Amino acid sequence: MSILVDNGTRLLVQGITGSQGAFHAEQMIQYGTNVVAGAVPGRGGQWAVGNTPVFDTVHEAVATTDANTSIIFVPAAFAVDALLEAADAGVALIVCITENIPALDMARARAYLDSTDSVLIGPNCPGLISPGTAKVGIMAGHIHTPGNVGIVSRSGTLTYEVIYALTARGIGQSTAVGIGGDPIKGLNFLDVLQMFEQDSATEQVVLIGEIGGTDEQVAADYIRTEMNKPVTAFIAGQTAPPGKRMGHAGAIISGGEGTAAEKIEALQDAGVAIARHPEEIAELAAHNI
Amino acid sequence: MKLHEYQSKRVFAEYGVPIPNGEVATTPAEARAIAEQIGKSVVIKSQVLVGGRGKAGGIKLAGTPDEAEKVAAQILGMDIKGLTVQKVLVDEAADIRSEIYLGAVLDRGARKVAIMASSEGGVEIEEVAAETPEKIITVHVHPLLGMQGYQARQLAYGIGLPKEHVSAFTKIAQSLYRAFVESDASLAEINPLVINGDNQLQAVDGKILLDDSALPRQKELAAMRDPDEDSPTETEAREVGISYIDLDGEIGCMVNGAGLAMATMDIIKLYGGSPANFLDIGGGAGADKVLAALRIILRDARVKAVLINIFGGITRCDEVANGIVEAINSLNVEVPIVVRMVGVNEDEGRQILADSNLPSANQLSEAVQMAVAAAKGEGA
């Protein structure tokens, strides 16, 4: 078992005829993901990436192919439209890869999504993978191996680094979820931790955070009070200079400065083992087996 | 991206927020002319994108046009925290009876815009938050509904505003919210919002930070960018699509992905080195971008070694290797370069490097230790 994506995933690729969409659709098919359709306005009736039917609208794609998951590769200016279309068509899981979506657009989109049954991952994320079963994202599939460690991360390439180290030690993964680095997004650490806690195939969890915001502190609170499975974490940005991106008013409202030190302290208080560098995560995770 | 005070106040004024009569001057003579036109006492305010202008002597009163010219001559060209003052705002001086804080910020936890007000205006809001947090009143605006009148009134009554100002304040708070949303801001502050000698509310100082992701659709605001906001190198990097931040260490870094770039800096510190920069070449970078990034890194004379850490995915290792080789052939490289690359097309990439006699490492920690040793002159 795994969380969110598995053998039952029927994937729709929004933007399948663009260069990124086509390349990654091909890669996901090669990995064994069940890609059932593409959606690109004006391209309905065509075939993409071999024998994947393309539809003008997501509604048509869902009605014809029973797609239950969508991955979005459309430019930032059209990405919110694409994810709202997927939600309106009843797609259960929407994964948005696109980066540079204005934050206020995401605030409005998320407010609407909360009134639907759809779940969003991203934007500005690498997607997710249940190794050996389904890849709904842009990560290199071959570095993963099936197993019992659940991964949740705000970062892209840093996650690959950690997975590479885990796989090198023979430690497999149940599902790796890249939640993305944007201030306003879909699933957060807390949501994914709750899913891993419930998932029978996941025996321990690796959390990869970074500076900014307080999502790691919220996660730490849940780990301390509710979670039974062991958690290992790495927080990137311990040496980053403060204040380069966010003004102080943002820090005040979130009740913290968002520094790595604050996050590490909160996680340590919750009994989480903290790695000093990404490769050390694999060593710490090995202790939990 | 940050806007200057005068730019921020002009944005607020477009939404109906009252601001003082004033103009921008780049010479003392212009400052004098503006002061003559205003015909009253003026305040000369340096326009630089850092806080603490007043304490640095960058804000001064002038009673007459003569004095305005003299004061402007002192302030123009002044150095404030490393920035040279090139513009001053000449504003009609307000007779300040009381000072209020009013600000809007994107609250990522609540996923809404938070509007904050305080009776303690004129000082930094983080000071108020630290000393008297109960004096900050906050409301959260639903993104699909916009700011409601009752929310603005909650702020007005919450900070104990005299009744006769509640209606004007409500309009200003709603204007601030509209300005925030329509400008795609991440922060918009009026500090202080004053009650002046005519018993009117007026925005005496203002500040706006814009969401960089929205700049493509905010062309007018994007054009207001002050090139002094970032170092020339940071600006050059941004223009080629690289994120770069100057730091003060000796190991130049080139990494793909922001999280991995930060982690790489952390590991350099862990092994006793110090990063010279943060540099993320982004996803899918080709040989040209790698060349541009190396050129930027090597321009920094403090750099004693370069560490390139690439985890191939969208970015192909062979592309990066070609860029490195091209850079070495076209630039005068006098410092050791350590490359660590894994992922898509890593074998091809390593072969390209080996053909040019460049050392490469498999493990990240091994590569970092090589770079730290190289920077200390211990050979790579």
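This section describes the confidence of the model, the domains of chain B and a sheet in chain A.

The structure is a predicted model. Its scores are ipTM 0.89 and pTM 0.92. Chain B has a mean pLDDT of 92. In that chain, 99% of the residues reach 70 or more.

Chain B is assigned three stretches as domains: domain 1 covers 21–92, domain 2 covers 96–223 and domain 3 covers 232–376. Between domain 1 of chain B and domain 3 of chain B, the centres lie 44 Å apart, taken over C-alpha atoms.

Chain A contains an open sheet of seven strands. The strand order is β9-β8-β11-β10-β12-β13-β14. Pairing within this sheet is mixed. The edges are taken by β9 (134–137) and β14 (273–274) of chain A. Each has a single partner strand, so one side of each lacks a neighbour in the sheet. Strands of a sheet pair through backbone hydrogen bonds, either parallel or antiparallel. For β8 (residues 127–130) of chain A and β9(A), the arrangement is antiparallel, with four bridges joining the two. Within this pair, Leu128(A) has Val136(A) of β9(A) as its bridge partner.

Two helices of chain A lie across strands of the sheet. Helix α6 (residues 189–198) of chain A lies across β10 (146–153), β11 (173–178) and β12 (204–210) of chain A. Its angle to β10(A) is about 160°. Helix α7 (residues 215–225) of chain A lies across β12 and β13 (231–236) of chain A. Helix α7 of chain A runs at about 155° to β12(A).

Notes
Residues numbered from 1 in each chain as written. Chains lettered and ligands numbered in written order. Predicted model: local features only at pLDDT ≥ 70, side-chain atom pairs only at ≥ 80, totals over all residues. Heavy atoms only, no water. Domains from an automatic or database assignment. Pairing = 2+ DSSP bridges. Contact = heavy atoms within 4.5 Å. Axes fitted to C-alpha atoms, helices over the stretch in contact; angles between N-to-C directions. pLDDT = per-residue confidence, 0-100.
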